[in-house]
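Student: I have just opened this structure and would like a guided tour. Could we go through it in short questions?

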Amino acid sequence: MALFRKPQYSSMPARPDRPRDIASKCDQCKSILIRQELEKNLRVCPRCGYHFPLTAWQRIQYTLDEGSFCELNAGLEPVNPLGFPGYDDKLARARKDSGLAEAVITGRGLIEGEPAYVGVLAPEFMLGSMGSVVGEKLARMLDEAGAQGVPAIIFSASGGARMQESIFSLFQMAKTSAALARLHRKGVLYISVLTHPTTGGVTASFAMLGDINIGESGALIGFAGPRVIQQTIGQTLPAGFQRAEFLLEHGMLDMVVERKELRPVLARLLRLHRGGER
Amino acid sequence: MADFEEQLARLQDKIRDLQAFAREQGLDLRREILALEQKAAELRARMYASLSPWQKVQLARDVRRPTTLDYIDMLFTDFIQLHGDRQYRDDPALVGGIARLEGKPVTVLGHQKGRDTKDNIARNFGMPHPEGYRKALRLMEQAEKFGRPVICFIDTPGAYPGLGAEERGQGEAIARNLRAMAALAVPVLAVVTGEGGSGGALALGVGDALLMLEHAVYSVISPEGCAAILWKDSSRAREAAAALKLTAQDLARLGVADEVIPEPQGGIQKDWQAGARAVKEALVRHLDILSGLSADTLLRRRQRRLAAIGQWREH
Ligand SMILES: [Zn+2]
């Protein structure tokens with residue numbers, strides 16, 4: 001346990017975006033976009049609607065009321081519990097490149113004035129993969145949300161469970177799901193927002209367990225990765241397979257929401273559940 | 001696996017040859033034969049005590065090991081198999097039902113691999129679809145209703161990665177089981193009997209105790225998959241198996257497995273009955289302890305156990 005749990009009232013990313021170019025090329029329509037314009041549009045291509053990936057801090061900045069975010073458990077750092085070859089170096093590189101200590105940021109903040117606990121997976125840190133720290137921070141956040149009777153929201157963007165912590169990573173799926181069982185029993189709202197990409201052990205645990213599951217437009221969401229499936233079945237995958245819209249059609253999501261609509265939709269849902277906790 | 005089993009096989013051939021020769025020639029070669037037999041026994045003991053992680057993986061996947069239905073046959077009485085998830089279909093890769101363990105009713109579930117190639121195709125090599133996990137959930141909730149403990153046998157390469165599985169929500173099905181099992185108000189025991197393959201294994205593996213057979217393995221990804229991602233070379237699975245710390249002994253050391261159930265020398269495939277006796281003894285012993293707990297204590301204990309898994313630094 002931490003002796004000191006210093007809340008950090010920060011909403012500014014350590015490294016907001018890199019590289020710091022003045023223009024970006026859209027991955028989908030290949031248009032050259034002015035950086036400022038793109039950011040004003042929440043990093044969604046104004047031409048074709050392609051959603052650029054967000055860092056965890058960008059997600060927090062775009063979703064929460066300015067200056068409202070208070071980070072929790074920022075002092076949790078990964079170790080190499082299995083002595084996995086190369087893992088220490090990978091962690092060091094991920095820390096340096098992302099400016100983050102791990103692949104998740106958790107905390108409490110406001111969305112249009114509505115309080116919520118928010119966990120955001122960081123795709124910029126080892127593809128947002130879940131090891132011991134990610135599981136532990138999310139579980140603590142969910143327990144805190146339960147204790148306070150305040151709704152919890154998790155934004156997923158993850159390649160799944162982290163290979164380098166093998167069995168520990170696998171059991172973070174159980175740990176987070178167990179925390180959700182506790183939250184469930186307390187009657188506290190949990191919203192899962194699945195963003196690009198959400199796969200593997202994250203899909204197969206907290207990401208699919210929302211009272212409300214929201215997919216961000218165009219996000220790839222699945223259990224197995226498309227390459228693995230293609231190799232297994234030996235045929236090409238249909239267009240749109242495993243996209244958010246496909247999951248909506250198959251009943252796995254409550255809705256698919258464009259990035260610019262996310263904040264107002266979350267705020268409405270939070271208001272609808274206000275005072276609704278048992 | 002193959003290399004040292006071959007060495008042993010050669011030694012045994014030699015013993016047989018010598019026996020035949022002694023018979024034909026009317027010679028007394030008992031001392032020589034005994035010496036060779038002793039050598040073979042020593043070799044066998046040494047080999048099985050010092051298996052590499054990769055050898056363990058191959059042993060764990062050996063098709064001659066008992067499957068879930070074999071364990072049910074050997075350990076329980078009065079088994080009635082129950083089918084279907086009530087939503088889509090019955091998944092033959094995951095079986096379950098009600099049975100008696102030492103006379104007491106329990107719900108039994110498990111991945112079901114095939115006993116031969118044809119059976120394996122029908123069983124999808126023990127890789128369930130979402131409907132398999134949903135059947136498991138249905139039977140677990142049924143067990144809770146009637147106050148029956150749940151015993152899960154884990155032996156799967158993983159949840160099936162296919163089109164239909166994704167369409168019908170493989171991730172959702174596994175996730176729901178994890179959450180439900182964390183809160184199921186009856187004792188839940190999980191035994192990894194062979195291959196514990198990732199989330200598809202964990203979906204039957206959240207409970208009050210995790211037992212592993214001596215030569216079982218359990219990891220977040222297969223060694224082949226790990227090697228393919230890490231080194232773009234699935235032939236380096238041997239290295240990956242070592243890195244993943246996936247043996248029963250590793251998991252006991254890491255505090256994830258509560259008990260390693262000893263197997264007969266050479267693995268349970270060499271002596272099903274002796275192996276099954278050890279499994280039954282362990283199950284009965286754990287259930288005795290768990291059955292004495294109130295539902296509240298049981299659930300608190302289970303939640304604490306799950307919350308404790310993982311390692312990190314905090315400052
Ligand atoms: Zn575009």
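Predicted model: local features only at pLDDT ≥ 70, side-chain atom pairs only at ≥ 80, totals over all residues.

Student: Which residues are the protein donors of the zinc ion?
Tutor: Donors are N, O and S atoms within 2.8 Å of the metal (3.2 Å for Na, K and Ca); water is not among the atoms, so sites may look incomplete. Here the protein donors are SG atoms lying 2.3 to 2.4 Å from the zinc ion. They belong to A:Cys26, A:Cys29, A:Cys45 and A:Cys48.

Student: What is the geometry of the site of the zinc ion?
Tutor: Four donors count as tetrahedral if all angles lie between 85 and 135 degrees. The angles among the four donor atoms of the zinc ion are 107 to 113°. The site is tetrahedral.

Student: What spacing do the donors of the zinc ion follow along the chain?
Tutor: Read the donors in chain order. The spacing is C-x2-C-x15-C-x2-C.

Student: Where do A:Cys29 and A:Cys45 lie, and how many residues apart are they?
Tutor: Helices (H or I, at least four residues) and strands (E, at least two) are DSSP runs, numbered from the N terminus. A:Cys29 is in the loop between β1 (23–25) and β2 (32–34) of chain A, and A:Cys45 is in the loop between α1 (35–40) and α2 (56–63) of chain A. The pair links distant parts of the chain, 16 residues apart.

Student: Is A:Cys45 buried or exposed?
Tutor: Buried means under 20% relative accessible area, exposed over 50%, partly exposed in between (1.4 Å probe, protein chains only). A:Cys29 has 31%, so it is partly exposed. A:Cys45 has 2%, so it is buried.

Student: How far apart do the C-alpha centres of domain 1 and domain 2 of chain A lie?
Tutor: Domain bounds come from an automatic or database domain assignment. In chain A they give domain 1 (25–52) and domain 2 (55–273). Their C-alpha centres lie 24 Å apart.

Student: How far apart do the C-alpha centres of domain 1 and domain 2 of chain B lie?
Tutor: Chain B is divided into domain 1 (3–50) and domain 2 (57–308). Their C-alpha centres lie 38 Å apart.
The contact (heavy atoms within 4.5 Å) takes five residues from domain 1 of chain B and six residues from domain 2 of chain B.

Student: Where do the buried residues of α2(B) fall, seen down its axis?
Tutor: Helix α2 (residues 30–49) of chain B has 20 residues. Its buried residues are B:Ile33, B:Leu36, B:Ala40, B:Leu43, B:Met47 and B:Tyr48. The arc is that of the directions from the helix axis to the C-beta atoms. The buried residues of α2(B) line one face of the helix because they fall within an arc of 115°.

Student: Which residues is B:Asn177 in contact with?
Tutor: B:Asn177 lies in helix α8 (residues 170–183) of chain B. It is buried, at 1% relative accessible area. Leaving aside neighbours within four places in sequence, B:Asn177 is in contact with B:Tyr133, B:Ala136, B:Leu137, B:Met140 and B:Ala203.

Student: Is A:Glu216 buried or exposed?
Tutor: A:Glu216 lies in strand β9 (residues 212–216) of chain A. Its contacts beyond four places in sequence include A:His51, A:Arg59 and A:Arg259. With 2% relative accessibility, A:Glu216 counts as buried.

Student: What is omega for the peptide bond from A:His196 to A:Pro197?
Tutor: A:Pro197 is placed in strand β8 (residues 190–198) of chain A. The bond from A:His196 to A:Pro197 is cis, with omega near -15°.

Student: What is phi of B:Arg86?
Tutor: B:Arg86 sits in the loop between β1 (77–81) and β2 (94–101) of chain B. B:Arg86 counts as exposed, at 63% relative accessibility. Its phi is positive in a residue other than glycine, near 70°.

Definitions and conventions:
Residues numbered from 1 in each chain as written. Chains lettered and ligands numbered in written order. Heavy atoms only, no water. Tetrahedral: all angles 85-135°; square planar, octahedral: opposite > 155°, others 65-115°. Expected span 1.5 Å × (residues − 1).
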